[in-house]
Amino acid sequence: MKKQSLIAVLCLITLFLTSCSKKDGPSKDDDPGQPSPADEIRTPVPFQQLPPSSREFTVAGTRTYVDVMGKQRSKLPAFRNLAVKQNTMRGYVKDVYGRPVKGADIGIRSSIIGGTYSSASGQTDANGYYEILLPVGTVAVWGAKYLMDYESGKAPVSLFPADSSLGSFRSVDGAIKNFVLLPYGQGQPEQIVKGPYWPSSYMGGSIHLSYSLRTESLPLPGSFPVGSVILIKLTPLDLLYADEKISFTIRKVVESNELYINNIPVGRYKLELKLENGPDIRMTESINLKPDFGMQPKQALGSTQITFIPGDPEVMVWYGNWWIVPINIELP
């Protein structure tokens, strides 16, 4: 009996120690400082070696926008399986290649009965990991941004939720929220439905062409005859976070006086405009508060270069933060 009792006690001690070890020692996936299969990083392909492709669009009638990437999105990286902690939101931020994004800012807002709000924020470390202690209440993510190097300056860009969801949750429940730095893609589905022509509905860049219509009763100089076709070509000269280089050809049948070209993969482009079976089109950049970006040169006939214009420093999550490149066009 004594021997059996001793064995039973040893078994209980073993079970206790095993239980404590599982509870207190984080798994390899759960420990931000330990290697994990989810840390796999793809090697970016140099721009000149990217496979080329092309897409064509016809925008007819009174339609005033085109989404050149549609529902296509870059392949999202894998993320670690983190355990949920009460009163804590945590996760990772990566680019599309799986590289950790250091210095990304994540902001939350917590509300309680009576309409009182509290906020908190966190910043990612060298592993792309962040952790936020949540104020009491119902929590919603209001901001997720990264200040990235872009051309000759900086661009505050919005981050995309990896699970395509940002529903609210109770602070006591905690949450895991991972984010990705995307070069293009549709934003919130509700935003797309409300304003498919709004540049802020997309993670990519946007160009706005504005022009006058010519009619028999109003033959304005430089205006475009109703029913004529504006031929637009966008050819990438350099790209950020790209797996292919796509050239776009857009035929805009003139029935409205503007066109938004949305969701263009972020980079630098050659823009060519001409009237189909007609002359080259004159382009003049409109109001641009950041003249280092946008059209270069600011006035051109038939061809110019385009870089996208960084938006405001305060960035809402899941909204595009590239200002439109505003261009007035006219026939010579």
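Q: Which residue stands opposite Thr284 in β22?
A: Welcome to this predicted model! Strand β20 covers residues 282–285 and runs antiparallel to β22, with 3 bridges joining the two. Across from Thr284, the residue in β22 is Gln299.

Q: Why is one side of β2 and of β22 left without a neighbour in the sheet?
A: These strands belong to an open sheet of 6 strands with mixed pairing, in the order β2-β18-β13-β26-β20-β22. β2 (65–67) and β22 (299–301) stand at its edges, so one side of each has no neighbour in the sheet, as each has a single partner strand.

Q: What is the average twist from one strand to the next in the sheet with the order β2-β18-β13-β26-β20-β22?
A: The pairing in this open sheet is mixed. From one strand to the next, the twist averages 20 degrees.

Q: What is the bridge partner of Arg268 in β23?
A: Strand β19 (residues 267–275) pairs with strand β23 (residues 303–307) in the antiparallel sense, over 5 bridges. In β23, the partner of Arg268 is Thr307.

Q: Which residue of β7 stands opposite Ser111?
A: Strand β4 (residues 105–112) pairs with β5 (residues 116–123) in the antiparallel sense over 8 bridges, and Ser111 has Tyr117 as its bridge partner in β5. β4 also pairs with β7 (residues 138–150), antiparallel over 7 bridges. In β7, the residue opposite Ser111 is Thr138.

Note on methods: Residues are numbered from 1 along each chain as its sequence is written. This is a predicted model: local features need pLDDT of at least 70, side-chain atom pairs count only at pLDDT 80 or more; totals for chains, interfaces and linings use all residues. Side-chain values use heavy atoms; hydrogens and water are left out. Two strands pair if DSSP finds at least two bridges between them. Helices (H or I, at least four residues) and strands (E, at least two) are DSSP runs, numbered from the N terminus. Axes are lines fitted to C-alpha atoms, for helices over the stretch in contact, and angles run from 0 to 180 degrees between N-to-C directions.
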